[in-house]
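Dear colleague,

Please find below the structure that I am handing over to you.

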Amino acid sequence: MENRFVYADNAATTPVSKEVVEAMTPYLTDFWGNPSSMYSKGREARRGLDEARETVAAALGCAPNEVYFTSCGTEADNWAVKGGARYMRDKKGRTHVVTSKIEHPAVLRSCEALEREGFTVTYVNVKPNGVVDMNEMKNAITDDTAIVAVMLANNEIGTIQPIAEIAKLAHERGALMFTDAVQAVGAIRVDVGELGVDMLSLSGHKLNAPKGVGALYVKKGVRIAKFLDGGGQERMMRSGTENVAGIVGLATAIKSAVERLPDMERVRKMRDRLAGFILGNISHTIYNGDPDLRLPGNLNISFEYIEGESLLLLLDLAGICISTGSACSSNSLEPSHVLLALGLPAEKAHGSMRVSLSHLNTDEDVDYIIEKLPPIVARLRAMSPIYPGDDKQ
Ligand SMILES: *Cc1c(COP(=O)(O)O)cnc(C)c1O
């Protein structure tokens, strides 16, 4: 096959679509007013902002006044976890938080910040398939629990969590329920009513909108601490002049993503074909995460006797972008906390590869990965002093 460029790291970020750029451009060139200004120049921007809020609300199945725009998914996660916990402490005296061991750092580090404020946090385990242990979850939530924070879909292994069930347990005990849906929105159906959550976060750049814009759904009647003090934007909860163009981009992207959800079945088939090839043709491989309760584009496989960084760099030379749960790639000394939570030993976590496909990928992309991957794996293993040999290749 001809050399090509295959972007298979859509869980890290996605390209901004042409349609999104076109929707945003007037808000940078013509409608640059401050949406809080009352004259017509401001009202142009306000109209874009209001329409965007309606579009995002329609995509999530909620009301426009339940959508708060933020500067990113990380901000929405921080606000939900800290704002929810602090409000419940101040108003109800609750000082306990429940989360899972496989949350995004935006949630885990927020929980740790709450621990430094005097909260206690229970980090619930996942089963070996990456799905939260529901027995443990049930026992973890108490009458002192302020908030339960569990992600809808994991960014490394794609596992989809039983959020509606967890929300029910949380509400039985009077706790708030938050879910990080950054990876899920646009990849699977996400409806806040069906999920029964009080809060849900999403991010623009994971669904073909720009970086630096996100949103937090907060159910009507649910009170949390405000995030930024200032001029009172976002119904007094999150001050700061709105990123109008970015928000219009987010709305355009989410609408398209929801409309093309049926195409994710094609993405699932490509993912499964790649998985089937790797497991059938490359020895000493481990399929990480659940094969079914999983985002359609996500594949996570560990290659024993290989370092993830080396694999990433050689695939990059071949024009393929993937990521790894190995240590050096993640600004830390430890391999992926998600893979370790599955019970994977550190050396197997080090050799992991995450492929995340999107609607932009094609069968030819998968063919190309299938052509390039096996010789690279073989070459790296040939350099390993502990590799016992190969029975399949
Ligand atoms: C990317 C991601 C975030 C952070 O979103 P940003 O907009 O990059 O800050 C949070 N949670 C999950 C699951 C993610 O994948």
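This is a predicted model: local features need pLDDT of at least 70, side-chain atom pairs count only at pLDDT 80 or more; totals for chains, interfaces and linings use all residues.

Residues are numbered from 1 along each chain as its sequence is written, and side-chain values use heavy atoms, with hydrogens and water left out.

Helices (H or I, at least four residues) and strands (E, at least two) are DSSP runs, numbered from the N terminus. An open sheet of 7 strands with mixed pairing has the order β2-β8-β7-β6-β5-β3-β4; two strands pair if DSSP finds at least two bridges between them. β2 (67–70) and β4 (120–124) stand at the edges with a single partner strand each, so one side of each has no neighbour in the sheet. Strands β6 (residues 176–180) and β7 (residues 199–203) run parallel and are joined by 3 bridges; Phe 178 has Met 199 in β7 as its bridge partner.

Helix α4 (residues 105–116) lies across β3, β4, β5 and β6, at about 150 degrees to β4. Contact means heavy atoms within 4.5 Å; axes are lines fitted to C-alpha atoms, for helices over the stretch in contact, and angles run from 0 to 180 degrees between N-to-C directions.

Helices α9 (residues 264–281) and α13 (residues 363–382) pack at about 15 degrees, with axes 10 Å apart. They are therefore roughly parallel (angles under 35 degrees; over 145 is roughly antiparallel, 65 to 115 roughly perpendicular and the rest oblique).

Kind regards
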